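The sequence and structure are shown first, and the description follows.

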Amino acid sequence: MATYKEIFGTNIEVLASDPANPVTGQVWYNSTSNVVKGFALTTAGAWATGGSGNTARSNIGGNGTQTSALAYGGFSTANVANTESYNGASWTEVNDLNTARRVLKGSGADNTSALAFGGYSTALAAQTESWNGTSWSEVADLNTARYSLGAAGIQTSSLAFGGTPSTAVTESWNGTSWTEVNDLNTARTYLAGCGEDNTSALAFGGNLPPETGATESWNGTSWTEDGDLNTARIDFADAGANNTSALASFGTTGSITNVTEEWTGAGSPTTVTFTDS
């Protein structure tokens, strides 16, 4: 039987950790996890240009789906309260948040119902606002004011976890109020999260410091440590339905990266790439 070197003319690299920015076709042996890994181009999906937003900004909150989404808050030249609704083709300005703030988080199934919480206004924010498809209403505050936190769920059943100042605090929303529940195993800031409600969620990445790939799964009662991201990072895009299906895309890991990883359940994320369209 031919060896890898005989076929490709080189030995498999032995690395103590996965490379931060692998290239297509690269294969390596992770001596820490004792796993042979590779990086390959996939045609499973592609990014396409959609309608531009009305207000350019960063540190924004949002929720929804590809065809029904909501974007709110953020930072332009100052904190903003602007809210925009997406119908799958274009963004429309709708009623503003009551409190302008940045690095907030949100949850919600679509652009007709949402929950916006935390962030930074003139100080750490605990404010929570509920969206009914037309306007925002102030509801019960978080117990712990914070920003750059992780989030999961929908308007009536959400989870808030981690955040700045660095914390492991987790809170569960029942549609009326927040209740503190079991903490994350790893306190961190600038983490990502996803999940369908407050019974099934995933928390991944963030900053300790340094950047971490730590991944934890929530079963409705407690967090369990699971397989780390291949690329530890912060400030990245997250998406997913529950604790068995998620995406981690782009972000910062010492340098800016375009790496996308797919989570399909217990184990480790798989690195994939998306091409321009």
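## Strand S6 and its sheet

Both faces of strand S6 are covered: Ala 69 and Ala 71 on one side, and Leu 70 and Tyr 72 on the other, are all buried. Buried means a relative accessible area under 20%, exposed means over 50%, and partly exposed lies in between (1.4 Å probe, protein chains only). The model is predicted: local features need pLDDT of at least 70, side-chain atom pairs count only at pLDDT 80 or more, and totals for chains, interfaces and linings use all residues. Residues are numbered from 1 along each chain as its sequence is written, and side-chain values use heavy atoms, with hydrogens and water left out.

S6 belongs to an open sheet of four strands in the order S5-S6-S7-S8, with antiparallel pairing. S5 and strand S8 (91-94) stand at the edges with a single partner strand each, so one side of each has no neighbour in the sheet. From one strand to the next, the twist averages 20°; axes are lines fitted to C-alpha atoms, for helices over the stretch in contact, and angles run from 0 to 180 degrees between N-to-C directions. Strands (E, at least two residues) and helices (H or I, at least four) are DSSP runs numbered from the N terminus, and two strands pair if DSSP finds at least two bridges between them.

## Partners of S6

On one side, S5 and S6 run antiparallel and are joined by four bridges. Gly 64 stands opposite Ala 69 in S6. The two strands S5 and S6 form a hairpin with four residues between them.

S6 also pairs with strand S7 (residues 83-86), in the antiparallel sense and over four bridges. Within S7, Glu 84 is the bridge partner of Ala 71, while Thr 83 is the bridge partner of Tyr 72. In general, strands of a sheet pair through backbone hydrogen bonds, either parallel or antiparallel.

Another open sheet has four strands in the order S9-S10-S11-S12, and its pairing is antiparallel. Its edge strands are S9 (105-110) and S12 (136-139), each of which pairs on one side only. The twist in this sheet averages 20° from one strand to the next.

Strand S10 (residues 113-117) and strand S11 (residues 128-131) run antiparallel and are joined by four bridges. Thr 128 in S11 is the bridge partner of Phe 117.

## The enclosed strand S14

Strand S14 (residues 157-161) has five of its five residues buried, so it is largely enclosed by the rest of the structure. Ser 157, Leu 159 and Phe 161 point one way from S14, Ser 158 and Ala 160 point the other way, and all are buried.

S13 and S14 run antiparallel, with five bridges between them, and a hairpin joins S13 to S14 through two residues. Gly 150 stands opposite Phe 161 in S14. S14 also pairs with S15 in the antiparallel sense, over four bridges.

## Ser 172 in strand S15

Ser 172 lies in strand S15 (residues 170-173), where it stands opposite Leu 159. Ser 172 is buried, with a relative accessible area of 14%.

The side chain of Ser 172 makes a polar contact with the side chain of Asn 198 (3.0 Å). A polar contact is a pair of N or O atoms within 3.5 Å; within protein, one must be able to donate a hydrogen and the other to accept it, and residues adjacent in sequence count only if both atoms are side-chain atoms. Not counting residues up to four places away in sequence, Ser 172 touches Ser 158, Leu 159, Ser 177, Trp 178, Thr 179, Val 181 and Asn 198; contact means heavy atoms within 4.5 Å.

## The largest pocket

About 2000 Å³ of space lies in the largest pocket. Of the 50 residues lining the largest pocket, the closest to its centre are Gly 62, Asn 63, Ala 237, Asp 238 and Ala 239. A pocket is an open set of points on a 1 Å grid over the protein atoms alone, where a 1.4 Å probe fits, with protein on both sides within 12 Å along at least five of seven lines; lining residues have an atom within 4 Å of a point. Grid points are joined across faces, edges and corners, and a volume is the space filled by probe spheres set on the points.

Strands that each supply at least two residues of this lining include S5 (61-64), S6 (69-72), S9, S13 (150-154) and strand S21 (237-242).

## The protein overall

The secondary structure of the protein comes to one helix and 25 strands. Of its 277 residues, 45% count as buried. Among contacts with a separation of 6 or more, 42% are between residues 24 or more positions apart.
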